[in-house]
Amino acid sequence: MLVLTIESSCDETAAAVVKDGRRVLSNIVSSQIDIHSRFGGVVPELASRCHVESITLVIDQALEKAGLTINDIEGIGMTRGPGLIGALLVGLSAGKAIALAKKLPFVGLHHMEGHILAALLEHEIVFPFLALAVSGGHTHLYRVDGIGQYRTLARTRDDAAGEAFDKVAKLLGLGYPGGARIDELSAGGNPEAINFPRPMLHKGLDFSFSGIKTAVRNFVVSQPVKNEQQLQDLAASFQTAVIDVLVAKTFRAAKEHQLERIVVCGGVACNRGLRHRMQATAEQSSCLVYFPSPALCADNAAMLGVAADHYLENGAIGDLGMNAVANWPLDQAGQ
């Protein structure tokens, strides 16, 4: 099946064409970073307006790059939630309009389901596996028994890891989004220069990152950063504290639930420090760790192709009354 997928949950307008749920023919992303960076974060109203302006062009580019026309498409898949409700409605409405005009089946998809299954576009991964979904809005551990079969094992009790990265970057004057900048600075820093806390490191599987963020703020207030090396040391120490927690809890969950395969996904999965530590830890255990390529970790539409193809092929088709959902537990996302 040739499926057109559309993603507009936050500040990227994206469209892709995926064949048979595995082969990416095109994957177009229009970023709004330049627009939102001046405000230090995403402004929902601006995001929605930008989606309206970009959605048609992005879809046309996805079809053109795939060497197809809309008449070749056999189904539509678009993000239904979770996310910014106004932003979601743009992509959802566009997908439903195309489906109605061309009499195509369509399906509304969970944003994090797309992230989790993105690895299947590049790797053969046997179910079940453990998924660490780590982004600006999510830090969750899921047991994945199949497409549409998810069970939440742990979640963050406050800030998501990506949110902590962005807030610390803003505190340090690194701009938005700041996660990539912290990762870059960390390469030249001493990760043991500052002993930041590792909240809940030995307590259960749930996460907490607000304490690390507060510790960085308190440190900067008491000991202002005076030069580039101190900035690098601070970035490396902060990043290491976050990674220590993510890695320890992920492998603990894998052991407790007897899962030998781990997928790390979401925007923070682009972090080079996290990738290195996860892979190094996997080499010392019986687990295999899979990462999507960086382009498939950030928000994109190709990641929706796996689930879209599966649901459409199995007759799980949406209706025109389907609405966007701002908050949507993944456990309830199976069609």
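## A buried histidine

H110 touches G81, P82, L304, W328, P329, L330 and A333, leaving out residues up to four places away in sequence. Contact here means heavy atoms within 4.5 Å. H110 sits in strand β5, which covers residues 106-110. Its relative accessibility is 1%, so H110 counts as buried. The classes are buried under 20% relative accessible area, exposed over 50%, and partly exposed in between, with a 1.4 Å probe and protein chains only.

## About the model

This is a predicted model: local features need pLDDT of at least 70, side-chain atom pairs count only at pLDDT 80 or more, and totals for chains, interfaces and linings use all residues. Residues are numbered from 1 along each chain as its sequence is written, and side-chain values use heavy atoms, with hydrogens and water left out.

## Overall build

The protein has 11 helices and 10 strands. Its radius of gyration is 20 Å, close to the 20 Å that the globule rule gives for 335 residues, so the protein is as compact as a globular protein of that length. That radius is taken over C-alpha atoms, and the rule is 2.2 Å times the number of residues to the power 0.38. Helices (H or I, at least four residues) and strands (E, at least two) are DSSP runs, numbered from the N terminus. Along its principal axes, the C-alpha trace spans about 60 × 45 × 30 Å.

Of the 335 residues, 56% are buried. Among contacts with a separation of 6 or more, 74% join residues 24 or more positions apart.

## Surface and charge

The protein exposes about 14100 Å², and carbon and sulfur atoms supply 50% of that area. Accessible areas come from the Shrake-Rupley method with a 1.4 Å probe; for residues, only the protein chains shown count as cover.

There are 29 positive and 34 negative side chains, and the centres of the two sets lie 5 Å apart. Lys and Arg count as positive, Asp and Glu as negative; His and the chain ends are not counted. Each charge is placed at NZ of Lys, CZ of Arg, CG of Asp or CD of Glu.

S237 belongs to helix α8, residues 228-256. S237 is buried, with a relative accessible area of 0%. The side chain of S237 reaches the backbone nitrogen of I194 at 3.1 Å. A polar atom of that side chain also lies 2.8 Å from the backbone oxygen of D233. Neighbours within four places aside, S237 is in contact with N190, P191, E192, A193, I194 and F196.

A308 lies in helix α11, residues 305-313. With 0% relative accessibility, A308 counts as buried. Setting aside residues up to four places away, A308 touches V3, T5, G77, V107 and L109. A308 and N195 are 113 residues apart in sequence and 45 Å apart in space, C-alpha to C-alpha.

## Backbone details

P82 is in the loop between β4 (75-81) and α3 (85-102). The peptide bond from F127 to P128 is cis, with omega near -5°. P128 lies in the loop between α4 (111-117) and β6 (129-134).

K103 is not a glycine, yet its phi is positive, about 55°. K103 is in the loop between α3 and β5, and is exposed at 74% relative accessible area. Q258, a residue other than glycine, has a positive phi near 55°. Q258 is in the loop between α8 and β9 (261-265). Q258 is exposed, with a relative accessible area of 71%.

Notes
Polar contact = N/O pair within 3.5 Å; in protein donor to acceptor, adjacent residues only side chain to side chain.
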